[in-house]
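Let's walk through a protein model together, one contact at a time. Keep the picture open beside you as you read.

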Amino acid sequence: MYIYIVNIRVEASKTGQEVRYKTVAVTDEVTRTGRARTSGGTRRHDRRRSSVPVLLALDALAAALAAGGVHLLFQRWFVPAVLVPLWLLLLASQRAYGAGADAECLRRVLRAACLAAAVAGVAWWFVPRDALLHDTLVAVPLAAGLTFGLRHCRRAGTRTGASRVLVLGPAESTAELMAALHRGHGPGPQVVGVCGTGPPAHDGTAVDLLHAVRRTGCDAVIALPGPELGAERLRQLSWELRAAGVELMLAPILADVTAARLAVCPVAGVPLLRLRPPRLSALPRIPKELTDRLLALLGILLLAPLMVAVAAWIRLDSPGPAFFRERRIGRDNREFTLLKFRTMHRGAERRRAELAHLNRYDSERYFKIADDPRVTRAGSFLRSYSLDELPQLFNVLVGQMSLVGPRPLVKNEVAALSEDGSHRHLVKPGMSGLWQVSGRSCLPTEERDRLDVSYVENWSPALDLSILLRTPSAVVRRTGAC
C-alpha cells in the first residue's frame, strides 16, 4: 500500500461556491503548529479527560438552578434535594459523558429526562404524594432545557477548538467525505490533511502515515473503505496510532446517514453495521401531524394582522389578486393547491421564455434569475424575508403540507426526478426544510434534491426541531433568497 499526500477539490458548499481542500500535511505552517500541539499523546488524552469534569460541572449547575427554581416556586425541599445527584446519574446512564456525547447531546438529554419522569412515576406509585410527581414534572424539563442550553453554549465557545483530523482513503471517497463534513451544521472537525491510498499519483508524494500525523498534529485519523485498507492493515494502524496517542475512526460508506440509523450488530462474532430503515410508518408521525396543525392554527391567529396588512400592500402596489395559487404535488403524488402571496406582476409566466437565458440554474426544473423584472416592489421585500410563504400555514392546517419537509414540486419537476428523488413524495412537503436552512436558492439543483431525500431517509422529531430552530436565522440572514 502507498500513502501519499493529495490535493482535492470539492464541488460542494453551503453557499454554492467552489470549495478547495488542499492538504497541509507537509507545509512549513503546519509543521510549526504541529510542534506546538504534538508533544505526545498525553496532551490529547488530558484534553479528553478534562472535558468530563467540565460537563459534570455544567450539568450540576443546570440541575441546581432547576432545583432552586422549584424550591422558590413551591417551597418544598424533597425533589430539589435529590435532583442534582439523580440528574447526573441519569445522564451518565445515557452515556452523556462518553465518546460522541457532544454530537448526540439533545438525544441523550431527552432520554435522561424521559427516564427521570419514569422514575418519578414509579416513586409516586409506591409513595402516592401528588406534590412529588408535580415537582418532578416541573423540575425535569427545566433541568433538561438548562443542561442542553449550557452544553450548547460550551460547544459554541469552543467551536474553533474542534478536533483536528487527518483523512485517509481513496481520493474520490475522501472528497465525498469532506463535502459531507462541510455540508453539516454545528461544530465539526478541522481537516488538517488528506492522505490518499493506492498507487502514487502525479500530484502526490509518497509519505509515511505516522510522519503525516506528526506533522499535522491531528487528534484522530478518519479511514475510509478501500482495497488498500484491509482488516489486517487497519488493525496494524490502530496499534501504531495508539502509540502516538491518536484515535482511529472508520467512516461508513454512506455519508448522508444519521448516527441514529446506524448500529453495530454482532453476527457470529463479527461486528456488522446495521442500517435501520427510514421511519415512514404512520404511527411515529401522528405527533408530528398534531403538532403541525396546532402550530399552524396558532401561527394563523398570531399573524393574521400581518397577513392582512401584506395582502393590502400587494393590492396597492400592483394590479392583481393578493394571493398566488399553483397546483403542486404532495404526499403519495396527490395534487393540491399551494397558497402564496403574489410577488410578480400579472402575466409573469408568459415572459418566462424571453428570460430563460438568465436562469441561474442549468436545469429547467428550477427557474430563478437575479433582479427578476417580473417581481414587484412589494414582492422583492416579501421574497427576501420569505413572507410570501405565510399563507402556506393554511395548507398545513388542512393537512396538505407540513411545517418541515421537502420542497413541494410542480408536475414538470416531478417528471424529471430520479428514482431516489421520487422518495420525497413518501412524506408531506414542507414550508421549511433541510435545503432551505442550508443555503436556500444558492444551492445547486442536485444538492437541493439530495438534501430533500436525505430529510426523508433520516427523519426524526429531533431533525424537525433542529430545522425549525434554524429557520428564523436563515430567513433573517436572507442567504440565497431571491
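Cys153 counts as exposed because its relative accessibility is 52%, while Cys265 is partly exposed at 27%. Here buried means under 20% relative accessible area, exposed means over 50%, and partly exposed lies in between, using a 1.4 Å probe and protein chains only. The structure holds zero disulfides. A disulfide is a covalent bond between the sulfur atoms of two cysteines, and the cut-off used here is a pair of cysteine sulfur atoms within 2.5 Å.

Before going on, a word on the source. This is a predicted model, in which local features need pLDDT of at least 70 and side-chain atom pairs count only at pLDDT 80 or more, while totals for chains, interfaces and linings use all residues. Residues are numbered from 1 along each chain as its sequence is written, and side-chain values use heavy atoms, with hydrogens and water left out.

Now look for salt bridges, where a side-chain nitrogen of Lys or Arg is within 4 Å of a carboxyl oxygen of Asp or Glu. The structure holds 15 of them. One joins Lys428 to Glu289, with 2.7 Å from N to O. This pair links distant parts of the chain, 139 residues apart: Lys428 sits in the loop between helix H12 (411–415) and strand E14 (430–432), and Glu289 in helix H9 (residues 286–317). Helices (H or I, at least four residues) and strands (E, at least two) are DSSP runs, numbered from the N terminus. Lys428 is buried because its relative accessible area is 9%, whereas Glu289, at 22%, is partly exposed.

Another salt bridge brings Arg424 and Asp452 together, at 2.6 Å from N to O. Arg424 lies in the loop between H12 and E14 and Asp452 in helix H13 (residues 445–457), so their contact ties together parts 28 residues apart in sequence. Are these two partners buried or exposed? Arg424 is buried, with a relative accessible area of 2%, and Asp452 is buried too, at 1%. Salt bridges with shared partners also join Glu289, Arg331 and Lys428 into one network.

Next come the aromatic rings. A pair of aromatic rings is described by the distance of the centres and the angle of the planes. Rings of Phe, Tyr and Trp (its six-membered ring) pair if their centres lie within 6.5 Å; planes under 30 degrees apart are stacked, over 60 edge-to-face, and the rest tilted. The count comes to three aromatic pairs. In one of them, Phe381 and Tyr385 are tilted, with 5.2 Å between centres and 50° between planes. Phe381 is partly exposed at 40% relative accessibility, and Tyr385 is partly exposed at 29%. Ring pairs link Trp313, Phe381 and Tyr385 into a cluster.

Some rings have a charge over them, meaning that NZ of Lys or CZ of Arg is within 6 Å of the ring centre and within 35 degrees of the ring normal. Arg285 lies over the face of Trp459, 4.2 Å from the ring centre. The charged end of Arg448 sits over the ring of Trp435, at 4.1 Å from its centre.

Leu61, Leu65, Leu142 and Leu146 make a nonpolar surface patch of about 320 Å². Helix H2 (41–74) and helix H5 (130–157) each give two or more residues to the patch. Patches are made of residues with over 30% relative accessible area and no salt bridge: like charges are joined within 9 Å, and nonpolar side chains (Val, Leu, Ile, Met, Phe, Trp, Tyr) within 5 Å. Accessible areas come from the Shrake-Rupley method with a 1.4 Å probe, and for residues only the protein chains shown count as cover. Leu61, in helix H2, is partly exposed at 41% relative accessibility.
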